[in-house]
Amino acid sequence: MAATTQSTVTAVVTAQVRSQILMNLRANLVYAQVATKGTIDKGHSTLIFPQYTDLGESATTLADDGANPTAEAMALTTTTVTPSEIGRVIQITRRARAVAPHDLARIAADLLAFDAKRRVDTIIADAAKAGGTARYSGTATTRATVTANAASADFRKMNTKLRSLNAMPFEMNAWLAITDPFVSGDVQAESGGVGGSWQDTNRYTTPEQMKAGEVGKLFGSRVLESTQSPLFAAAGSGSVDVYSIHFFGREAVGYGSIEDIVTTFVSGADKADVLDRSIYLGYRLDTGASALNANNFGRFETAATSL
């Protein structure tokens, strides 16, 4: 029996298959996994994250006469997150739904759902974009002097730096490094075959703990790919593009919502659509984010091999 080929499939079915493929070729949404989520109480419009500084080590001893040690002030700072209201609506006419070979309402719902999640991811990425303890690839000392691609040794140095700052790691006692696929591709090529360096996810002993977008582990960092990773176009030496790798520890970035993602669907005649010729699908959310503690994450800026 002959195999079914594209030429034997109707144009409608082919279009539907392509649409399903495109729906799955999406950027990994990863930034919400590294952020600390707070709750905004009803009646308030901002979220306050408290930040505490460890006490300095004391070398004093207590006197034998029972006197208490001198009282000290506790270092406490706060970071305020002010959410913004965001929304988007797709309109589909009655006639378009009648003649289309696809379920337009379902496709619109999928597009809106992804866009809403991507928007949250972008808000968190933007909050981290210029923050963290900065380092640069090669011999660069500023963004404007970056020319070199990232190497595995850079990951080791960033891990060492975060440990020196007492940043708190995530599960598996590791930092979460988020970067563009071009950067992780360079590092995999440079460190592949070096014993004890790049570890593919298929070699994890506990794969059930993998994060969305995770592609491997290098020294003490679990690497997550995201096309939302900040890019500074033509900002390096010779106008090279500069990519960011953010190495996150716990409580580095925080976000909160007055209202999480809410979806809407409107159909029926009203003053704006007396003849009921359209349906409307949309979402709204009220979310904000902010960097919390620069000691809990690092920002490594590098060039990359763009394909």
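## Salt bridges and buried polar residues

Arg88 is partly exposed, with a relative accessible area of 47%. The structure shown above is a predicted model, and every value below was computed from it.

Arg88 has a charged partner: Asp115 forms a salt bridge with Arg88, and their closest N and O atoms are 2.9 Å apart. Asp115 sits in helix α3 (residues 104–128) and Arg88 in strand β4 (residues 84–93), so this pair ties together parts that are 27 residues apart in sequence. Asp115 has a relative accessible area of 10%, which is under the 20% limit and therefore makes Asp115 buried. Side chains of opposite charge can pair when their charged atoms come close.

How many salt bridges does the count come to? The count is eight salt bridges.

| Salt bridge | Closest N and O atoms |
|---|---|
| Asp115 and Arg88 | 2.9 Å |
| Glu301 and Arg143 | 2.7 Å |
| Arg299 and Glu301 | 2.7 Å |

Glu301 takes part in a salt bridge with Arg143, the closest N and O atoms being 2.7 Å apart. This pair links distant parts of the chain, 158 residues apart: Glu301 is in strand β14 (residues 297–302), and Arg143 is in the loop between β5 (133–136) and α4 (152–164). Is Glu301 buried or exposed? With 0% relative accessibility, Glu301 counts as buried. Arg143, at 27% relative accessibility, counts as partly exposed.

Glu301 also forms a salt bridge with Arg299. Both of these residues, Arg299 and Glu301, are buried.

Thr133 belongs to strand β5. Thr133 has a relative accessible area of 18% and is buried, because buried means under 20%. A polar atom of the Thr133 side chain lies 3.3 Å from the backbone oxygen of Ala294. Leaving aside residues up to four places away in sequence, Thr133 touches Met158, Lys161, Leu165, Ala294, Phe297, Gly298 and Arg299. Among these contacts is Arg299, the salt-bridge partner of Glu301.

Ser226 is found in the loop between β9 (221–225) and β10 (231–232). At 1% relative accessibility, Ser226 counts as buried. Which backbone atom does the side chain of Ser226 reach? The side chain of Ser226 reaches the backbone nitrogen of Gln228, at 3.0 Å.

Methods: Residues numbered from 1 in each chain as written. Predicted model: local features only at pLDDT ≥ 70, side-chain atom pairs only at ≥ 80, totals over all residues. Heavy atoms only, no water. Helix = DSSP H or I, 4+ residues; strand = E, 2+ residues; numbered from the N terminus. Buried < 20%, exposed > 50% of the residue type's maximum accessible area, 1.4 Å probe, protein only. Polar contact = N/O pair within 3.5 Å; in protein donor to acceptor, adjacent residues only side chain to side chain. Salt bridge = Lys/Arg side-chain N within 4 Å of Asp/Glu carboxyl O. Contact = heavy atoms within 4.5 Å.
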